[in-house]
Amino acid sequence: MKQKKKSAFQGYSLLKKKSDALFIHFRDVLKDIVKTKNKVGEDMRNASFALAKSVWAAGDFKGQIIEGIKRPVVTLSLSTNNVAGVKLPIFQVHIDPTVDVLGNLGVAAGGQVINNTRENYLQCLNMLVKLASMQVAFFSLDEEIKMTNRRVNALNNIVLPRLEGGINYIIKELDEIEREEFYRLKKIKEKKTENLNNSIEDHALPDNGGHKHVKITNNYANIQADDDVIF
């Protein structure tokens, strides 16, 4: 029972530390999400304004870009980050520099503006992917923290008190058994002493002066060999 209590307490301590570590990371992720959202909003405004300038300088070039793309320029990869035993997904953007998206677009006019627009939208894309990673990590941490806290509360409020109560009950029962055994042995000793004294008085012989002297006979040995009297 004590070993179970020790194991339960160790589990409680480990889960408590895990919950604290996850909560610290959870708060950091929440702060980063707020900052990233503000940054994404600003970058999106700048990218939209740059696109408007590009369209004004070079006309509507969306169709030309779509027709000129033969393979993807931007790809997304997935990796994981282990935080206190919780695997959090991390999305990463990879840009293929060998793919020429713009081609001859903007040679006549608006080339620099179009390049600036491309850079602005790539920056927005990176920030959005980063925000997506943090959002997924936020929800994953939230669920893991709730589950860990439920386990911590169960150990602290149910398992440990139940084990403690069982240990206290066993200790009380053992103490009661020990007291009963001590009282039983004490009564046995008193009874044996009383029987021995009575036997000695019964075998005492009076002398000329009226005093009694004990005569040691085999009966005394028989008395010593008697079985214990048990109540």
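## A buried aspartate and its salt bridge

Asp 43 counts as buried, at 7% relative accessibility, in this predicted model. The side chain of Asp 43 meets that of Lys 39 in a salt bridge, with an N to O distance of 3.0 Å.

## Other salt bridges

Seven salt bridges are found when the whole structure is searched, and two further ones are described here. Arg 184 forms a salt bridge with Glu 181, in which the closest N and O atoms are 2.7 Å apart. These residues lie three residues apart in helix 3, so they too are separated by about one helical turn. Arg 184 counts as partly exposed at 33% relative accessibility, and Glu 181 counts as partly exposed at 36%.

The side chains of Arg 118 and Glu 119 also meet in a salt bridge, at 3.7 Å from N to O. Arg 118 is partly exposed, with 29% relative accessibility, and Glu 119 is partly exposed as well, with a relative accessible area of 46%.

## The aromatic cluster

One aromatic cluster is formed by Phe 23, Phe 26, Phe 138 and Phe 139, and the count of aromatic pairs comes to three. The rings of Phe 23 and Phe 26 have centres 6.4 Å apart and planes at 20 degrees, so this pair is stacked. Phe 23 and Phe 26 are three residues apart in helix 1, and therefore about one helical turn separates them. Phe 23 counts as partly exposed at 40% relative accessibility, whereas Phe 26 counts as buried at 12%.

Phe 26 is also stacked with Phe 138, because their ring centres are 4.7 Å apart and their planes are at 20 degrees. This pair links distant parts of the chain, since Phe 26 belongs to helix 1 and Phe 138 to helix 3, 112 residues apart. Both Phe 26 and Phe 138 are buried.

## Nonpolar cores

The largest nonpolar core has 13 residues, and those with the most contacts inside it are Leu 22, Val 29, Ile 33, Leu 88 and Leu 141. Helix 1 (2-58), strand 2 (86-95) and helix 3 (111-202) each supply at least two residues of this core, and helix 3 gives the most, with six residues.

Beyond its neighbours within four places in sequence, Leu 22 is in contact with several residues, including Val 83, Val 86, Leu 141 and Ile 145. Apart from this core lies another, of seven residues, among them Ala 8, Leu 15, Val 152 and Leu 155.

Key:
Residues are numbered from 1 along each chain as its sequence is written. This is a predicted model: local features need pLDDT of at least 70, side-chain atom pairs count only at pLDDT 80 or more; totals for chains, interfaces and linings use all residues. Side-chain values use heavy atoms; hydrogens and water are left out. A nonpolar core is a set of buried Ala, Val, Leu, Ile, Met, Phe, Trp, Tyr and Cys residues joined through side-chain atoms within 4.5 Å. Buried means under 20% relative accessible area, exposed over 50%, partly exposed in between (1.4 Å probe, protein chains only). Helices (H or I, at least four residues) and strands (E, at least two) are DSSP runs, numbered from the N terminus. Contact means heavy atoms within 4.5 Å. Rings of Phe, Tyr and Trp (its six-membered ring) pair if their centres lie within 6.5 Å; planes under 30 degrees apart count as stacked, over 60 as edge-to-face and the rest as tilted. A salt bridge is a side-chain nitrogen of Lys or Arg within 4 Å of a carboxyl oxygen of Asp or Glu.
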